[in-house]
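Let's take a walk through a protein model together, step by step. Keep the sequence and the picture side by side as you read.

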Amino acid sequence: MTITYRMLPLEEWDKLVPLYSALFPDKPFPSNPEMSCAAVAELDDKIIGFWFLHLCAHAEPVGVDPIDGKGVNLFSMLNTLMSGVKHASGMEYYISTPDPRLGDILEGSGFTPVGVLFSNKVP
């Protein structure tokens, strides 16, 4: 028995649902395959592993002048930014910050911490 690896074509995404639902019962299945791709590991035509790659937005960097920007409301700025992408309603986006104060503000405002963030570039 040999495990094979391939990119899963969009027309076969429904094959991912059983394993995805078993592994992530509380997470919605990715609903935007046109913005994603999935590599799968198969054994005898059964998907036994997957790895998604999603194009996603991240809202950064953010900068505020330390002297003149004391009155800047970050959420007013973020709401203004989001008004520019209303066509992508429901799209998840990410914010990362090395500033723990901003992290505390974001978490207190309903943003969900995602754990440890790792970064790499496509070769």
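A residue is called buried when its relative accessible area is under 20%, exposed when it is over 50%, and partly exposed in between (1.4 Å probe, protein chains only). Before using that idea, note that this is a predicted model, in which local features need pLDDT of at least 70 and side-chain atom pairs count only at pLDDT 80 or more, while totals for chains, interfaces and linings use all residues. Residues are numbered from 1 along each chain as its sequence is written, and side-chain values use heavy atoms, with hydrogens and water left out.

Start with serine 36, which is buried at 11% relative accessibility. Serine 36 sits in strand S2; helices (H or I, at least four residues) and strands (E, at least two) are DSSP runs, numbered from the N terminus. Contact here means heavy atoms within 4.5 Å. Leaving aside neighbours within four places in sequence, serine 36 is in contact with Leu10, Trp13, Leu53 and His54. With histidine 54, the side chain of serine 36 also makes a polar contact of 2.7 Å. That term stands for a pair of N or O atoms within 3.5 Å; within protein, one must be able to donate a hydrogen and the other to accept it, and residues adjacent in sequence count only if both atoms are side-chain atoms.

Next, look at charges. Side chains of opposite charge can pair when their charged atoms come close. A salt bridge is a side-chain nitrogen of Lys or Arg within 4 Å of a carboxyl oxygen of Asp or Glu, and by this rule the count comes to three. Which residue does arginine 6 pair with at 2.6 Å? The partner is glutamate 12, which is buried at 18%, whereas arginine 6 is partly exposed at 29%. Arginine 6 also forms a salt bridge with glutamate 42, with the closest N and O atoms 2.8 Å apart. Because arginine 6 lies in strand S1 (residues 3-7) and glutamate 42 in strand S2 (residues 36-43), this pair ties together parts that are 36 residues apart in sequence. Glutamate 42 is buried, with a relative accessibility of 6%. Glutamate 12 and lysine 15 meet in a salt bridge of 3.0 Å, N to O. Through shared partners, salt bridges join Arg6, Glu12, Lys15 and Glu42 into one network.

Now turn to the nonpolar side chains. A nonpolar core is a set of buried Ala, Val, Leu, Ile, Met, Phe, Trp, Tyr and Cys residues joined through side-chain atoms within 4.5 Å. The largest one has nine residues: Leu8, Trp13, Leu16, Tyr20, Ala38, Val40, Ile47, Phe50 and Phe52. Strands S2 and S3 (46-54) each supply at least two residues of this core, and S3 gives the most, with three. Isoleucine 47 touches residues including Leu8, Leu16, Val40 and Glu42, not counting those up to four places away in sequence.

Finally, find leucine 102 in helix H3 (residues 100-108). Leucine 102 is buried, at 14%. Beyond neighbours within four places in sequence, leucine 102 is in contact with Val62, Leu74 and Thr97. Valine 62 belongs to the loop between strand S4 (57-58) and helix H2 (74-83), and is partly exposed at 49%.
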